[in-house]
Structures are given as C-alpha cells and as structure tokens.
Amino acid sequence: MKASYCKMHMIVKIFSPMFYWLGRQTLQIIFGIGDFSLFTGKSFCALTKSKKLMRRIVSAVHEQGTVCLPVILIVGVFTGLVLGLQGYHVLSRFGSQGLLGTLVSLSLVREMGPVLAALMLIGQAGSALAAELGIQRNTEQIVALETMGVNSHGYLVVPRLISSLLVFPLQTAVFVVVGFWGGSLSGSLLLGVDSGVYWSAVQRAVEAQDMRECFIKAAAFGVLSISTCAYQGFHADRNASVMGARAVSASTTRAVVFSSILVLVADYIISSFFV
Amino acid sequence: MGTPNQNFALHVEDLHKAFNGKPVLKGVKLGVPQGSIFTVLGPSGAGKSVFLKCLANIVQPDSGQICFDGLELTSRDQTAQEEFRRRCSFLFQSNALFDSLTALENVALPLEQTTDLTSKEIRRRSLEALRQLELQEYAAHYPAQLSGGMQKRLALARAIVTHPELVLFDEPTAGLDPLRRNAVFAMIAKYQRQFGFTALIVTHDVPEALVASDRVALLNQGRICFEGTPAEFSDSTHSVVSDFRDSAAALQRSLAEIRQGIIVA
C-alpha cells in the first residue's frame, strides 16, 4: 500500500510540471485566439470611425499590390514552368500528355495559386506591415494616435484589411494567369505538347466553381494574414522577454510564421467545403 | 469626495496606481488652475510620467478621481473620455512624431481624423500652426530631417493645432542641454500665453520650471509633498523640497568634503 502510494506520488511529481506547462500553453493559445478575434472584430467595427479612408486604402493597395507584383509574376511563372515539367513527365507515363493543361490549370486555380500568392504577399507586404506597426508601437506613435482621439485600428489596420480583400484575389488571378503561361511555356514550347491542345484543356477544365473557390480562398487568406500581421505588429510590446528592436523582429517573425500556418489551415478547411 | 473646484481645469483626488503590487502613486491630490502653467517636479522614479499617463488615460489608475472641467474621467464613461481627448493634447517625451509623414502631414493628422473640416481648411490651419512655431519652411521635411529642437516644436505644433484647452507635457526638456532647455520652457510659456491653454508639465529641471511656471508641485514617493507658487517653493523649509531644490548646493558640499578628505570611502 505504502509502496504504491510512493510510486503514485513519484508519478505525480514527475508529470505535474508537464501538465502545468501543457495547461498554461493551452490557456495561452485560447487567450491568443480570443484576443486575435477581438482585434479583427474591433478593426472591422472601426471602419465607420475612420475618416479620409480612401487615400489610405489607395496607399495600402499600392503597398500590397504594385510593390508585390514583381514577386507574384516571378513565382507565378516558375510555378507554372515546374508544374508543366513535372506534369508532362508523369502524364507521359500514361500517354496522357494532352491533359497537361487540365493538370496545370486545376492545380493552379484550386490550390497553388491562392496559397502561393498568399505566402508571397505575407513574405513581402505582411512582414513589412508587422515591422512598421511594431516600430510605431515602440516609438509611442500608436499611443500618440490614441491620445489625439484617433481610432488607431481605424487609422492603421482598416485600410490594410480592406485593401487585402481587393488585392489578394487580384494578385491570385495574376499568379494563376502567369502560371498558365508558364505551364504552356514548358509544356508546349520546350516539351512539344501542342499549344492548342494545352489551351483548350485549360479552357475545358476550369469551371465557375473552381474560380469561386479560388477567389473565396484568396479573400479569406488576405483577411487572415493581414489581420495576423497587424495583430503581431500592434502588440509587439506584449512579449516581456524581449524589448526594443528585438521585440519588433520577434513580432515580425511571429507574424510571418502564424499567418503562413493559418493560410494552410484555412486552405484545408475551405477546400473541404468545395471538394 | 467633494465637488471639484470650478476654477480648476484639472482636479485630481486620491489617485492610486500600482504595478505588479508595487505602488507608484499613493493618493495623489492636485488642482491645476485654468489657464496656468503648472509644473510637477520630482526625482526620477517618483511616478511623474505614470501620473501624467493616468491623466491622459494611457494608463488606467487603480482608484481615485480625475475631473477635467466637470467631466469625470475615471468613471469609464466613453463619451467623457472622448470629449477629454478632443479638448486635451499630450506632448510625449520622445515627441512620438509619425516618421513616415512629413511635418505638414504630422500636424494635419489630428484635424483630418477628429474633425469634419475640409482638406483646404485643414491645410490652412496646419500651415498656420507650422508658421506660428517657425517651421513653415520645413513643411515638406520628414521628422528625421529636423533637429531635436525643431522636432520638439513640431510636436507642439501638432499638439496645439486642435486648439486644446489642456496640454500635458511629459519631460519636454529630457536630454537637452541648458540652452535648449531654456528655449523649450520659453516656447511653452510663449505659446501658452498666445493660445491660452492650461499647461501641465512634469520635469525635474527645477530652475527653468520655477521661472516659467505659475504654480509648482513636488511629487515624491508617489505623493504630492508640496504645492504652491515658485516663490513659496524657493522659500519652503520642507525637507524633501529643500533637498530637491538645493541639490546643487548639496553636491557642492559633498565635493568640498571629499576634497578635504573628510569622507572615507
């Protein structure tokens, strides 16, 4: 009896720090999700409180759109090229090279276009946003806005969120179209698939529902990633273990990592509704 | 708790604030007369900046009452707080200027976001504020392209452009040399007379504050231990006041003693 009590006591002693850690982490995650949801909700509610919004939306469209366009074009072309190359070799095993257009177009429209375009935009516009807001938090610019009676969510976050709803689908469309062209380049020009066959397969394969899925995903990824990046930058001072410039770099890293993960999770959830 | 005196622009009663169980403000009581320059002096770590941040609603006090022109700011009444923010400006120690906006855009920002003025009127008022602070030539410059003194003036231009009734200054002379310190206090006094706002300054620069202020208070260990006119401060025999006021003389005495070898390390 005494031996079993000692054994039990020992097990509790060994595992209790682990359970304590697990409990703390779980609570932190729940708190984080709740706080992030409140942040995003507060930002959308601040839409009516923000004045002279159009100019800042245009500036945000420039940040997320024009500035990021070269990356989208380059990654789009190479994604199409690689898909064309890999697809051709797989399909040629079954003598179905004629389906290359179908493979490239459906891969791009349904999955690779929205996901890769979102990841590229996170890497460029999202990280820049997190760093900018982190510095503004560190140098008391956000507090200054609040003391002036300016709604900081309305001024700093709302234009970026609205812009993301517009820019992410547009950038995704550009990515997909450029990807089609990349696929045609490697499939038709380099590997000898008939160009007419390729493009007619593309035309036949992509249906309205695929386009709808693509744009819904792009818009959802835009809101999720931009609000995650804004949230991380906005609260760059929350992590007590690092301060100053290191807090900004830590928040930027968190912004990129979390928003990339969220995009992939959201991709799975949205795909499961459409498939 | 009594009704705040109507002659006070700002009335603070029994203000308490603690961080992680450590009290910083322990019942601060203060009345700032309308249209005056009121300076809160105190050594570093006395809680001056926390006190000012409680007034500006950046930090939420644990208990106590803050009244501004009849508005109770500690009641969590959103309307009262919004009205206070519309009628009050805060000048940060670091200036907190928007580094990606030009001087003109910095000054125009509060007007753009908190008023319904036309773009033309906002531009006119912003340029006027810059002109009053002798910065009109630098309207297109970014804050990083301006000197420290100019940045301070730009921050003041942004603070006064909304015609506030109360301006809170957080250590406006921190890190400046004596000449620039004088210039900043002269600037505050000049524009306070010109615009008629009530100025509440926290600083530890005693000589300049005594010259420029109408009233001074000394915050020590979270409590106001003196409040009166600069003349009363100079004549006070209160031990904390005299220690703070005569710190230069005390240093002189210490150095003399060291030189004479009286103090053994």
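Predicted model: local features only at pLDDT ≥ 70, side-chain atom pairs only at ≥ 80, totals over all residues.
Visitor: What is the phi of B:Asn57?
Guide: Most residues other than glycine have a negative phi. B:Asn57 is a residue other than glycine, yet its phi is positive, with a value near 65°.

Visitor: Where is the place of A:Glu140, and what is its phi?
Guide: A:Glu140 has its place in the loop between α4 and α5 (141-147) of chain A. A:Glu140 is also a residue other than glycine with a positive phi, and that value is near 65°.

Visitor: Which residue forms a salt bridge with A:Glu140?
Guide: A salt bridge needs a side-chain nitrogen of Lys or Arg within 4 Å of a carboxyl oxygen of Asp or Glu. Here the closest N and O atoms are 3.7 Å apart, and the residue that forms the salt bridge with A:Glu140 is B:Lys53.

Visitor: How many salt bridges are there between chain A and chain B?
Guide: Over all chains, the structure holds 22 salt bridges. For the pair formed by chain A and chain B, the count is three.

Visitor: What area is buried between chain A and chain B?
Guide: The contact takes 19 residues from chain A and 23 residues from chain B. On the side of chain A, the residues that lose the most area to chain B are A:Lys51, A:Thr147 and A:Met148, which together give 32% of what that side buries. Carbon and sulfur atoms give 54% of the area buried between the two chains, which is about 1800 Å².

Visitor: How many residues apart are A:Asp267 and A:Lys217, which form a salt bridge?
Guide: The closest N and O atoms of A:Asp267 and A:Lys217 are 2.8 Å apart. The pair links distant parts of the chain, with A:Asp267 in helix α9 of chain A and A:Lys217 in helix α8 (residues 208-234) of chain A, and the two are 50 residues apart.

Visitor: Are α4(A) and α9(A) roughly parallel or roughly antiparallel to each other?
Guide: The axes of helix α4 (residues 100-138) and helix α9 (residues 244-274) of chain A come within 8 Å and cross at roughly 150°. Angles over 145 degrees count as roughly antiparallel, and therefore α4(A) and α9(A) are roughly antiparallel.

Visitor: Is the crossing of α3(A) and α6(A) left-handed or right-handed?
Guide: Helix α3 (residues 69-93) and helix α6 (residues 152-190) of chain A have axes that come within 6 Å and cross at roughly 40°. That angle makes α3(A) oblique to α6(A). The crossing of the two helices is right-handed.

Visitor: How many charged residues does the contact of α3(A) with α6(A) have?
Guide: From α3(A), residues including A:Leu69, A:Ile72 and A:Gly76 meet residues of α6(A), among them A:Val174, A:Phe175 and A:Trp181. By class, this contact of α3(A) with α6(A) has twelve nonpolar residues and nine polar residues, while the number of charged residues is none.

Visitor: How many nonpolar residues does the contact of α6(A) with α8(A) have?
Guide: The axes of α6(A) and α8(A) come within 8 Å and cross at roughly 145°, and α6(A) passes α8(A) in a right-handed crossing. By class, the contact of α6(A) with α8(A) has one charged residue and seven polar residues, and the nonpolar residues number 17.

Conventions
Residues numbered from 1 in each chain as written. Chains lettered and ligands numbered in written order. Heavy atoms only, no water. Axes fitted to C-alpha atoms, helices over the stretch in contact; angles between N-to-C directions. Helix = DSSP H or I, 4+ residues; strand = E, 2+ residues; numbered from the N terminus. Parallel < 35°, antiparallel > 145°, perpendicular 65-115°, else oblique. Left-handed = near helix turned anticlockwise from the far one by under 90°. Contact = heavy atoms within 4.5 Å. Nonpolar A, V, L, I, M, F, W, Y, C, P; charged D, E, K, R; others polar. Buried area = accessible area lost by both parts, 1.4 Å probe.
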